[in-house]
Amino acid sequence: MITREQIDTVLDHPVLDARGDKIGDARHVFFDDVTGEPEWVSVRTGLFGTSESFVPIHDAALVEDHLEVPYAKNQVKDAPNVDIDAGGHLSEQEEQRLYQHYGIDWDAAWQDAQAGTGQGIGTTGTAGTAGTAGTADDAMTRSEEEMHVGVERHEAGRARLRKYVVTEEQQYTVPVRHEEVRVEREPITDTNRDRAMTGPDITEAEHDVTLYEEQPVVETRAVPKERVRLTTEEVTEEETVTGEVRKERIETEGTDEHGDRRRRP
C-alpha cells in the first residue's frame, strides 16, 4: 500500500512490473473518494510515452525511487482506455472495467471499503486524481507531455561468407621437342675405307634408331591467394520522427486576461 506521504516519490518516477521490467513513468495518483487512500496510478506507456494506462496501487510497493506493481507489463499496457471527467474522477463503469481487467473482485473491494469506513464507498469506488504532492490546495497544476525520442537496436539482416569452387579453362603455350630421322650419306674416302670394308661384302642388315619427343604435362597445385573476413562498421544517419504531444491549458472565467474581474453590462 502506498501512503499519501509517498506520492512525491511515486509521481514521474519509473513503474516496474512483477519481473522488474519498466512499464513507464507514473503520471497521476487517484484516491478513493471515501477512504481517501491511493487506489490507482496512471502510467505513461508506449515508445514515446504517448499512452496512459491505469494500474491498481493497493498491492504496489515503493522500492527506492521506483514503484513495483504485481502485474505484467503487457497486462498494464492492454488495460482498458478510460475517460476522466472534468473533476478528475473515474466513473463507476470505468472502474469496474479496470477491476475486471486486473481480475479483482468488485464485490470484495466494495465490502473491504465498507468495512474500513463503516459505510458504503460513496460513488461506488470512484477515485479522485492527485496533484503533484497528492494534497488539496487552491492551485491547479497544468501539465504538458514532452516527446522523448530514443533508439532501439534491431536485427536488420545477416551477411555470410560462402566458399565454392568454379572451374575455368586456362591456356598456356609451352615449347616441346621431338626427334626426327634424317638420312646422312657419307662417301667412301681413305679415312673411312677401313670401317666400310669390315663385314661381308653383300648381305642384308637392319639398324633401328629410337626417336623421342616431349609432351606437355598438366599438374595443379592449391596455392593460397588471399584471406577474406566479414567486419561491421556503424554508419550514422539522421531520421525525422513525428509524434503528438498533449498540453493542458488553463482558462479563467469571470476575469479578463489580466486577472481583473470584468464588470457586468
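A pocket here is an open set of points on a 1 Å grid over the protein atoms alone, where a 1.4 Å probe fits, with protein on both sides within 12 Å along at least five of seven lines. Its volume is the space filled by probe spheres set on those points. This is a predicted model: local features need pLDDT of at least 70, side-chain atom pairs count only at pLDDT 80 or more, and totals for linings use all residues. Residues are numbered from 1 along each chain, and side-chain values use heavy atoms, without hydrogens or water.

Start with the second largest pocket, with a volume of about 680 Å³. Select Lys-163, Val-223, Pro-224, Lys-225 and Glu-226: of the 15 lining residues (an atom within 4 Å of a point), these lie nearest the pocket's centre.

Next, pick β3, residues 38-45; strands are DSSP runs of E, at least two residues, numbered from the N terminus. Seven of its eight residues are buried (under 20% relative accessible area), so β3 is largely enclosed by the rest of the structure.

Now show its neighbours. β2 runs antiparallel to β3, joined by six bridges, with Phe-31 partnering Pro-38. Two strands pair if DSSP finds at least two bridges between them. In the five-residue stretch between β2 and β3, find Gly-36, with a positive phi near 75°. On to β4: six bridges join β3 to β4, also antiparallel, and Val-41 partners Val-55.

Finish on Val-41. Its contacts (heavy atoms within 4.5 Å) include Val-10, Ala-26, Phe-54 and Leu-67, not counting residues up to four places away in sequence.

Notes. Helix = DSSP H or I, 4+ residues; strand = E, 2+ residues; numbered from the N terminus. Buried < 20%, exposed > 50% of the residue type's maximum accessible area, 1.4 Å probe, protein only.
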